[in-house]
Amino acid sequence: EAALRRAFTGAALVVLVTGLGGGTGSGAAPVVARLAAEAGATVLAFATMPFSHEGERRMRQANEGAVALGQKAHGLVFVHNDLLLQQVSTEAPLSESFAAADAWVGGALRALAAAFEPGALVPVEPAALRGILASPGSPTLFAYGVGTGPGAALQAARAAGSCPLAHAPGAVTKVAALFVSVAGGPTMTSADAFEAVGAVRLRFGGETTTLLCARIDPSFGDRVEVSVLGASLPAPKPAPKPKKGAKAVDAGQPLFGFATE
(Lines give C-alpha, C1' and ligand atoms only; values in the text may rest on other atoms or scores of the structure.)
Protein backbone atom coordinates (compact mmCIF):
# COMPACT_ATOMS: atom_id res chain seq x y z
CA GLU A 1 0.00 0.00 0.00
CA ALA A 2 2.83 2.42 0.81
CA ALA A 3 4.40 1.93 -2.62
CA LEU A 4 1.05 2.46 -4.36
CA ARG A 5 0.30 5.60 -2.36
CA ARG A 6 3.68 7.02 -3.41
CA ALA A 7 2.98 6.16 -7.04
CA PHE A 8 -0.40 7.92 -6.97
CA THR A 9 0.79 11.08 -5.21
CA GLY A 10 0.11 14.10 -7.40
CA ALA A 11 -1.68 12.14 -10.13
CA ALA A 12 -4.82 13.83 -11.45
CA LEU A 13 -6.00 10.72 -13.31
CA VAL A 14 -5.32 7.04 -12.66
CA VAL A 15 -6.40 4.54 -15.33
CA LEU A 16 -6.74 1.05 -13.92
CA VAL A 17 -6.87 -1.95 -16.27
CA THR A 18 -7.80 -5.30 -14.83
CA GLY A 19 -9.07 -8.72 -15.81
CA LEU A 20 -11.89 -9.92 -13.58
CA GLY A 21 -12.79 -13.53 -12.87
CA GLY A 22 -9.49 -15.18 -12.05
CA GLY A 23 -9.31 -13.93 -8.48
CA THR A 24 -6.25 -11.65 -8.50
CA GLY A 25 -7.81 -8.73 -10.36
CA SER A 26 -11.18 -9.17 -8.66
CA GLY A 27 -9.54 -8.91 -5.25
CA ALA A 28 -6.79 -6.38 -5.91
CA ALA A 29 -8.44 -3.88 -8.26
CA PRO A 30 -10.89 -2.43 -5.69
CA VAL A 31 -7.99 -1.93 -3.24
CA VAL A 32 -5.85 -0.18 -5.86
CA ALA A 33 -8.81 2.02 -6.88
CA ARG A 34 -9.43 2.97 -3.24
CA LEU A 35 -5.80 3.95 -2.68
CA ALA A 36 -5.74 6.05 -5.86
CA ALA A 37 -8.96 7.83 -4.91
CA GLU A 38 -7.66 8.49 -1.39
CA ALA A 39 -4.57 10.08 -2.97
CA GLY A 40 -6.86 12.56 -4.72
CA ALA A 41 -6.90 11.06 -8.22
CA THR A 42 -9.88 10.52 -10.49
CA VAL A 43 -9.98 6.76 -11.07
CA LEU A 44 -11.13 5.32 -14.40
CA ALA A 45 -11.16 1.51 -14.53
CA PHE A 46 -11.36 -0.79 -17.54
CA ALA A 47 -12.38 -4.31 -16.54
CA THR A 48 -12.47 -7.29 -18.88
CA MET A 49 -15.22 -9.83 -18.20
CA PRO A 50 -14.61 -13.54 -18.93
CA PHE A 51 -15.74 -15.37 -22.03
CA SER A 52 -18.97 -17.26 -21.29
CA HIS A 53 -17.23 -20.56 -22.08
CA GLU A 54 -14.82 -19.95 -19.17
CA GLY A 55 -17.45 -21.17 -16.73
CA GLU A 56 -19.88 -19.97 -14.08
CA ARG A 57 -17.28 -19.79 -11.30
CA ARG A 58 -15.12 -17.26 -13.15
CA MET A 59 -18.18 -15.21 -14.12
CA ARG A 60 -19.41 -15.18 -10.51
CA GLN A 61 -15.99 -14.00 -9.29
CA ALA A 62 -15.94 -11.36 -12.02
CA ASN A 63 -19.37 -10.02 -11.05
CA GLU A 64 -18.42 -9.85 -7.38
CA GLY A 65 -15.19 -8.04 -8.26
CA ALA A 66 -17.09 -5.64 -10.53
CA VAL A 67 -19.45 -4.63 -7.72
CA ALA A 68 -16.54 -3.98 -5.34
CA LEU A 69 -14.57 -2.06 -7.99
CA GLY A 70 -17.58 0.03 -8.97
CA GLN A 71 -17.87 1.30 -5.40
CA LYS A 72 -14.31 2.66 -5.44
CA ALA A 73 -13.67 3.81 -9.03
CA HIS A 74 -15.13 7.07 -10.30
CA GLY A 75 -15.75 5.47 -13.69
CA LEU A 76 -15.92 1.79 -14.66
CA VAL A 77 -15.94 0.55 -18.26
CA PHE A 78 -16.74 -3.12 -18.80
CA VAL A 79 -15.06 -4.96 -21.67
CA HIS A 80 -17.12 -8.09 -22.36
CA ASN A 81 -14.93 -10.59 -24.17
CA ASP A 82 -17.99 -12.29 -25.69
CA LEU A 83 -18.85 -9.06 -27.53
CA LEU A 84 -15.31 -8.65 -28.80
CA LEU A 85 -15.39 -12.26 -29.96
CA GLN A 86 -17.99 -11.19 -32.51
CA GLN A 87 -15.35 -8.99 -34.16
CA VAL A 88 -13.31 -12.00 -35.33
CA SER A 89 -14.10 -14.91 -37.60
CA THR A 90 -15.88 -17.91 -36.06
CA GLU A 91 -13.03 -20.05 -37.43
CA ALA A 92 -10.38 -17.94 -35.71
CA PRO A 93 -8.24 -19.67 -33.07
CA LEU A 94 -8.81 -18.82 -29.41
CA SER A 95 -5.54 -16.90 -29.26
CA GLU A 96 -6.88 -14.53 -31.94
CA SER A 97 -10.02 -13.93 -29.88
CA PHE A 98 -7.95 -12.86 -26.89
CA ALA A 99 -5.77 -10.73 -29.19
CA ALA A 100 -8.91 -8.94 -30.44
CA ALA A 101 -9.83 -8.05 -26.85
CA ASP A 102 -6.30 -6.75 -26.26
CA ALA A 103 -6.45 -4.69 -29.47
CA TRP A 104 -9.72 -2.99 -28.54
CA VAL A 105 -8.61 -2.14 -25.02
CA GLY A 106 -5.15 -1.10 -26.21
CA GLY A 107 -6.54 1.17 -28.91
CA ALA A 108 -8.97 2.78 -26.47
CA LEU A 109 -6.25 3.42 -23.90
CA ARG A 110 -3.80 4.82 -26.46
CA ALA A 111 -6.47 7.22 -27.72
CA LEU A 112 -7.26 8.33 -24.18
CA ALA A 113 -3.61 8.81 -23.25
CA ALA A 114 -2.86 10.71 -26.47
CA ALA A 115 -5.57 13.25 -25.61
CA PHE A 116 -3.35 14.61 -22.84
CA GLU A 117 -0.10 14.80 -24.81
CA PRO A 118 1.38 18.31 -25.31
CA GLY A 119 0.66 20.14 -28.53
CA ALA A 120 -3.09 19.61 -28.90
CA LEU A 121 -4.95 22.27 -30.91
CA VAL A 122 -7.70 22.17 -28.29
CA PRO A 123 -5.99 20.90 -25.12
CA VAL A 124 -7.63 19.31 -22.10
CA GLU A 125 -5.97 18.68 -18.76
CA PRO A 126 -6.46 15.26 -17.07
CA ALA A 127 -7.89 17.09 -14.06
CA ALA A 128 -10.80 18.23 -16.23
CA LEU A 129 -12.16 14.68 -16.11
CA ARG A 130 -13.05 15.31 -12.47
CA GLY A 131 -16.05 17.21 -13.85
CA ILE A 132 -17.09 14.19 -15.95
CA LEU A 133 -16.43 11.51 -13.34
CA ALA A 134 -17.54 13.46 -10.32
CA SER A 135 -18.16 10.66 -7.83
CA PRO A 136 -17.50 6.93 -7.41
CA GLY A 137 -20.05 4.67 -9.04
CA SER A 138 -20.84 6.95 -11.99
CA PRO A 139 -22.49 4.98 -14.85
CA THR A 140 -19.77 5.18 -17.50
CA LEU A 141 -19.51 4.63 -21.24
CA PHE A 142 -16.42 4.48 -23.40
CA ALA A 143 -16.38 4.28 -27.18
CA TYR A 144 -13.67 4.35 -29.80
CA GLY A 145 -13.82 4.56 -33.58
CA VAL A 146 -11.52 5.03 -36.58
CA GLY A 147 -12.19 6.55 -40.03
CA THR A 148 -10.06 7.02 -43.15
CA GLY A 149 -10.24 8.99 -46.37
CA PRO A 150 -12.86 11.63 -47.21
CA GLY A 151 -15.17 12.33 -44.27
CA ALA A 152 -12.86 10.39 -41.95
CA ALA A 153 -13.86 12.34 -38.82
CA LEU A 154 -17.57 11.66 -39.30
CA GLN A 155 -16.78 8.02 -40.14
CA ALA A 156 -14.81 7.70 -36.89
CA ALA A 157 -17.61 9.29 -34.87
CA ARG A 158 -20.17 6.89 -36.32
CA ALA A 159 -17.81 3.96 -35.74
CA ALA A 160 -17.55 5.03 -32.10
CA GLY A 161 -21.35 5.00 -31.95
CA SER A 162 -21.39 1.32 -32.92
CA CYS A 163 -18.28 0.37 -30.91
CA PRO A 164 -18.71 -2.92 -29.01
CA LEU A 165 -17.33 -1.26 -25.87
CA ALA A 166 -20.48 0.90 -25.83
CA HIS A 167 -22.89 -1.99 -26.36
CA ALA A 168 -22.08 -4.22 -23.43
CA PRO A 169 -24.98 -5.73 -21.47
CA GLY A 170 -26.33 -3.06 -19.16
CA ALA A 171 -24.20 -0.30 -20.73
CA VAL A 172 -25.56 3.24 -20.53
CA THR A 173 -26.56 4.67 -23.91
CA LYS A 174 -27.16 8.32 -22.97
CA VAL A 175 -25.09 10.33 -20.51
CA ALA A 176 -25.14 13.85 -19.11
CA ALA A 177 -21.43 14.65 -19.56
CA LEU A 178 -19.05 13.77 -22.40
CA PHE A 179 -15.35 14.03 -23.12
CA VAL A 180 -14.64 13.70 -26.86
CA SER A 181 -11.13 13.40 -28.25
CA VAL A 182 -10.59 13.81 -32.01
CA ALA A 183 -7.15 13.06 -33.43
CA GLY A 184 -6.28 13.24 -37.11
CA GLY A 185 -3.65 14.02 -39.73
CA PRO A 186 -2.65 17.42 -41.15
CA THR A 187 -5.70 17.58 -43.46
CA MET A 188 -8.22 17.45 -40.61
CA THR A 189 -9.99 20.78 -40.16
CA SER A 190 -11.77 22.35 -37.20
CA ALA A 191 -15.03 21.83 -39.08
CA ASP A 192 -14.22 18.10 -39.29
CA ALA A 193 -13.61 17.93 -35.54
CA PHE A 194 -16.81 19.78 -34.65
CA GLU A 195 -18.83 17.65 -37.08
CA ALA A 196 -17.53 14.56 -35.28
CA VAL A 197 -18.46 16.02 -31.89
CA GLY A 198 -21.97 16.79 -33.18
CA ALA A 199 -22.42 13.19 -34.30
CA VAL A 200 -21.17 11.90 -30.94
CA ARG A 201 -23.55 14.16 -29.02
CA LEU A 202 -26.46 13.06 -31.20
CA ARG A 203 -25.65 9.46 -30.33
CA PHE A 204 -24.65 9.68 -26.66
CA GLY A 205 -25.96 12.94 -25.13
CA GLY A 206 -23.69 15.34 -23.27
CA GLU A 207 -26.29 18.06 -22.69
CA THR A 208 -24.81 19.06 -19.32
CA THR A 209 -21.10 19.15 -20.23
CA THR A 210 -19.12 18.38 -23.38
CA LEU A 211 -15.33 18.64 -23.33
CA LEU A 212 -13.43 18.53 -26.61
CA CYS A 213 -9.78 17.71 -27.26
CA ALA A 214 -8.56 18.10 -30.86
CA ARG A 215 -5.08 17.01 -31.88
CA ILE A 216 -3.11 16.86 -35.13
CA ASP A 217 -0.64 14.02 -35.58
CA PRO A 218 1.27 14.04 -38.92
CA SER A 219 1.73 10.26 -38.72
CA PHE A 220 -2.04 9.72 -39.04
CA GLY A 221 -2.20 10.70 -42.71
CA ASP A 222 -5.89 10.63 -43.74
CA ARG A 223 -6.85 8.64 -40.63
CA VAL A 224 -8.96 10.02 -37.76
CA GLU A 225 -9.56 8.52 -34.32
CA VAL A 226 -12.48 9.50 -32.10
CA SER A 227 -12.62 8.39 -28.47
CA VAL A 228 -15.54 9.14 -26.18
CA LEU A 229 -15.76 9.02 -22.40
CA GLY A 230 -19.12 9.78 -20.84
CA ALA A 231 -20.79 9.54 -17.47
CA SER A 232 -23.89 10.45 -15.54
CA LEU A 233 -24.26 10.99 -11.82
CA PRO A 234 -24.91 7.81 -9.81
CA ALA A 235 -28.56 7.03 -9.20
CA PRO A 236 -29.77 8.96 -6.13
CA LYS A 237 -30.42 7.01 -2.97
CA PRO A 238 -34.09 6.59 -2.06
CA ALA A 239 -35.41 9.47 0.03
CA PRO A 240 -35.99 8.58 3.68
CA LYS A 241 -39.55 8.08 4.74
CA PRO A 242 -41.02 11.21 6.36
CA LYS A 243 -41.13 11.16 10.11
CA LYS A 244 -44.45 10.88 11.84
CA GLY A 245 -46.10 14.27 12.05
CA ALA A 246 -43.86 15.81 9.35
CA LYS A 247 -45.51 18.15 6.85
CA ALA A 248 -46.37 16.40 3.59
CA VAL A 249 -44.83 17.68 0.33
CA ASP A 250 -47.27 18.98 -2.26
CA ALA A 251 -47.03 16.53 -5.19
CA GLY A 252 -48.08 19.29 -7.58
CA GLN A 253 -45.25 21.60 -6.60
CA PRO A 254 -42.79 22.01 -9.50
CA LEU A 255 -39.23 20.77 -9.05
CA PHE A 256 -36.34 22.66 -10.60
CA GLY A 257 -33.09 20.98 -11.69
CA PHE A 258 -29.89 22.91 -12.17
CA ALA A 259 -27.09 22.06 -14.59
CA THR A 260 -23.52 23.37 -14.53
CA GLU A 261 -21.50 24.12 -17.64
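**Cavity, sheet and cores**

Modeller: Strand β3 gives the largest share of the lining of the largest cavity, three residues. Strands here are DSSP runs of E, at least two residues, and helices are runs of H or I, at least four, numbered from the N terminus. This is a predicted model, where local features need pLDDT of at least 70 and side-chain atom pairs count only at pLDDT 80 or more, while totals for chains, interfaces and linings use all residues. Residues are numbered from 1 along each chain as its sequence is written, and side-chain values use heavy atoms, with hydrogens and water left out.

Biologist: Which residues line the largest cavity?

Modeller: Phe78, Val79, His80, Leu83, Leu84, Pro164, Leu165 and Ala168. β3 (75–80) and α4 each supply at least two residues of that lining.

Biologist: What counts as a cavity?

Modeller: On a 1 Å grid over the protein atoms alone, it is a set of points where a 1.4 Å probe fits but cannot get out; lining residues have an atom within 4 Å of a point.

Biologist: How much space lies in the largest one?

Modeller: About 30 Å³. Grid points are joined across faces, edges and corners, and the volume is the space filled by probe spheres set on the points.

Biologist: Is Leu84 buried or exposed?

Modeller: Leu84 is buried, because its relative accessible area is 1%. Buried means under 20%, exposed over 50%, partly exposed in between, with a 1.4 Å probe and protein chains only. Leu84 sits in helix α4 (residues 81–85). Its C-alpha atom is 8.0 Å from that of Trp104, 20 residues apart along the chain.

Biologist: New topic. What is the strand order in the sheet?

Modeller: β1-β2-β3-β4-β7-β5-β6, an open sheet of seven strands with mixed pairing. Strands pair if DSSP finds at least two bridges between them. β1 (13–19) and β6 (205–216) are the edge strands, each pairing on one side only.

Biologist: In which sense do β1 and β2 pair?

Modeller: Parallel, over seven bridges, with β2 covering residues 42–49. Val15 has Leu44 in β2 as its bridge partner.

Biologist: And the nonpolar core? Which residues touch the most other members?

Modeller: Phe142, Phe179, Val182, Val226 and Val228, in the largest core, which has 49 residues. A nonpolar core is a set of buried Ala, Val, Leu, Ile, Met, Phe, Trp, Tyr and Cys residues joined through side-chain atoms within 4.5 Å. Apart from it lies another core of 19 residues, including Val43 and Leu76.

Conventions: 1 Å grid on protein atoms, 1.4 Å probe; cavity = no way out; pocket = protein on both sides within 12 Å on 5 of 7 lines; lining within 4 Å.
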